[in-house]
Amino acid sequence: MTRENTPRCPVTSAAGAPEPDGPTGLPLAWPVVGSTVLYAADPPSFVVRAQRAHGTVVSLPMLPHNPTVQVTAPEAIRRILQGNADNYCRGAYYEAFRLFMGEGLLTLDDAEWRGHRKVVNPAFTPGAVAARAAVTDAAVADLVGRWAGHADTGQPFDLHAESMRLSARVIGHALVGRDLSAEGEEFSRALAVALEAIFKEVGSLEKMLPSFLPTPYRRRVNRARRTLERIVARAARDADEGAGGEVAALLRASELPPDAFRSDLVTLMLAGVETTALALTWTLYETARHPGARDRLEEETDRVLDGRPPGAADLDALTYTAMAVDEALRLHPPVWQFPRQTLEDDVLAGRRVAAGTPVLVSVYGAHRNPEQWKDPDRFDPERFRPGAGQDRDRSAYVPFGGGRRQCIGKRVGLSLLRQTVAAVHARFRLTVADARPPRNGAYITLFPKDGIRVTAEERHR
Ligand code: HEM
């Protein structure tokens with residue numbers, strides 16, 4: 001089939017390509033609701049089951065956006081993010097993000113988006129990240145100090161709460177010039193509730209109730225909104241007084257529409273803080289339970305650091321540390337999927353996807369695609385040894401997305417992760433205290449549903 005060309009989106013001929021297959025009956029689709037309920041019950045495991053049963057471009061019968069095409073084929077991901085990126089807009093699923101993020105960095109398309117990205121970019125360059133090194137060093141040193149206390153008592157502690165505290169401090173400083181962990185539980189709860197609400201905004205039963213009903217869920221959402229609004233209002237005051245964070249100052253001085261200050265700050269808080277914290281939690285969980293990897297980390301940190309705390313200048317030499325972080329991001333990608341929508345017909349990995357179809361790039365599924373990853377469920381940092389993985393398609397690994405919409409915070413996140421993982425392994429040996437493996441929770445981010453508790457032991461006593 002050929003369609004008329006438009007100046008904005010040149011049409012790709014989809015002639016002859018078959019449409020993607022997908023579940024039409026049990027076990028992956030139910031009558032009437034299709035895959036909606038099964039997907040919602042355990043999204044990551046559903047993604048993998050659908051991939052194994054129907055391939056790497058799958059048509060899912062899902063409400064309210066039926067069909068939705070799940071993509072885990074590397075060539076298709078590359079086409080969506082790079083080769084034919086002009087043919088993909090944010091689309092129906094990204095509408096829900098506006099609930100908290102308004103019109104901003106994550107929700108806008110094309111020229112409008114470019115304007116926002118250009119304004120905040122200077123805060124994410126290597127020089128800008130290096131200029132904030134003192135804040136990062138102090139935050140990592142405090143974490144190590146607190147964990148020395150945990151090691152003294154031998155009591156288990158919540159790994160993710162610690163990761164959130166670190167991330168909220170370092171990223172909070174870059175955004176609003178303040179340690180956002182000082183807001184206490186309220187801030188991390190607000191982020192978690194917002195990320196849950198955005199996910200549930202698409203097709204949740206809650207939405208069908210009359211809007212005036214103050215359900216407990218709606219009260220939580222409103223409270224989260226008030227917390228974030230309060231932080232934004234204070235950041236505006238700080239910026240006007242010449243204080244505050246680099247990102248807030250850049251936005252305040254910009255010529256973007258007035259609402260951009262709020263939209264972009266909330267977007268960056270929601271996109272940056274929990275994601276980075278989760279990556280740290282999952283990395284330390286995996287290294288704690290794999291003695292082979294743990295020994296390599298201990299050897300590397302002893303050799304490179306020789307008893308000093310790690311700093312930005314050490315990161316290049318901490319090769320195995322980077323490999324362990326990369327592998328944890330493969331197995332547990334904090335942003336486990338992200339949406340797009342076709343503007344015109346396209347062909348993805350040999351399958352025709354009609355114009356206007358919502359597409360979910362499943363990072364989780366791509367990272368566990370057995371065609372690209374041998375023994376995909378196994379934690380093996382060696383996959384990321386420099387020079388390894390030549391037989392793998394580069395787009396099989398997309399924890400930070402790709403193309404022009406690649407994560408703006410990739411450098412900030414990765415350097416904080418590497419520095420912290422090195423600091424922890426230089427000093428402590430962690431043991432996972434929970435008897436049962438963590439259960440996946442998946443809204444916008446992939447999180448351990450019941451947290452992860454660990455104990456720490458000093459290595460050099
Ligand atoms: C390990 C940590 C992180 C992970 C796994 C992650 C993952 C991602 C992914 C997959 C995307 C692409 C979404 C898409 O294309 O639809 C993205 C975009 C984005 N991320 Fe991150 N992110 C992380 C850390 C951060 C940090 C630290 C910040 C900022 C403080 C941040 C801010 C953003 C923003 C603003 C976007 C939208 C970029 C644009 O469209 O121009 N992220 N992130």
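Reader: Let me begin with a proline: where is Pro67 found?

Author: Helices (H or I, at least four residues) and strands (E, at least two) are DSSP runs, numbered from the N terminus. By that scheme, this predicted model places Pro67 in the loop between β1 and β2.

Reader: Before we go on, which atoms do the side-chain values use?

Author: In this predicted model, residues are numbered from 1 along each chain as its sequence is written, local features need pLDDT of at least 70, side-chain atom pairs count only at pLDDT 80 or more, and totals for chains, interfaces and linings use all residues. Hydrogens and water are left out, and side-chain values use heavy atoms.

Reader: Thanks! Back to the prolines: what is omega for the peptide bond from Asn66 to Pro67?

Author: Start with Pro64, which sits in the loop between β1 (57-60) and β2 (68-71). A cis peptide bond joins Leu63 to Pro64, with omega about 0°. The bond from Asn66 to Pro67 is also cis, and its omega is near -5°.

Reader: Is Asp306 buried, partly exposed or exposed?

Author: Asp306 is not a glycine, yet its phi is positive, about 50°. You will find Asp306 in the loop between α14 (291-305) and α15 (319-331). Buried means under 20% relative accessible area and exposed means over 50%, with partly exposed in between (1.4 Å probe, protein chains only). Because its relative accessibility is 66%, Asp306 counts as exposed.

Reader: And what is the relative accessibility of Asp110?

Author: Asp110 belongs to helix α6 (residues 110-120). Its phi is near 55°, a positive value in a residue other than glycine. Asp110 counts as partly exposed because its relative accessibility is 34%.

Reader: Now the ligand: which residue is the only protein donor of its iron atom?

Author: Donors are N, O and S atoms within 2.8 Å of the metal (3.2 Å for Na, K and Ca), and sites may look incomplete because water is not among the atoms. The loop between α16 (363-367) and α17 (410-427) holds a cysteine whose SG lies at 2.3 Å from the iron. The only protein donor is Cys407.

Reader: Which element gives the most residues to the shell around the ligand?

Author: A residue is near a molecule or strand if one of its heavy atoms lies within 4 Å of it. On that basis 25 residues surround the ligand, the closest being Tyr94, Trp113, Arg117, Arg405 and Cys407. They divide into 16 nonpolar, five polar and four charged, where Ala, Val, Leu, Ile, Met, Phe, Trp, Tyr, Cys and Pro count as nonpolar, Asp, Glu, Lys and Arg as charged, and the others, Gly among them, as polar. With six residues, the element that gives the most is α13.

Reader: How far is a polar side-chain atom of Tyr94 from an oxygen atom of the ligand?

Author: An N or O atom in the side chain of Trp113 is 2.7 Å from an oxygen atom of the ligand. For Tyr94, the distance from a polar side-chain atom to a ligand oxygen is 2.6 Å.

Reader: On to charged pairs: how many salt bridges does a search of the whole structure find?

Author: Side chains of opposite charge can pair when their charged atoms come close. A salt bridge is a side-chain nitrogen of Lys or Arg within 4 Å of a carboxyl oxygen of Asp or Glu. One of them joins Glu103 and Arg98, with the closest N and O atoms 2.6 Å apart. In the whole structure, the search finds 41.

Reader: Which helix holds both Glu185 and Arg189?

Author: Glu185 and Arg189 meet in a salt bridge, 3.6 Å from N to O. Glu185 is exposed at 53% relative accessibility, whereas Arg189 is partly exposed at 41%. They are separated by about one helical turn because they are four residues apart in helix α10.

Reader: How many residues apart in sequence are the parts tied together by Arg427 and Glu458?

Author: Arg427 and Glu458 form a salt bridge whose closest N and O atoms are 2.8 Å apart. Arg427 lies in helix α17 and Glu458 in strand β12 (residues 453-458), so the pair ties together parts whose separation in sequence is 31 residues.

Key. A polar contact is a pair of N or O atoms within 3.5 Å; within protein, one must be able to donate a hydrogen and the other to accept it, and residues adjacent in sequence count only if both atoms are side-chain atoms.
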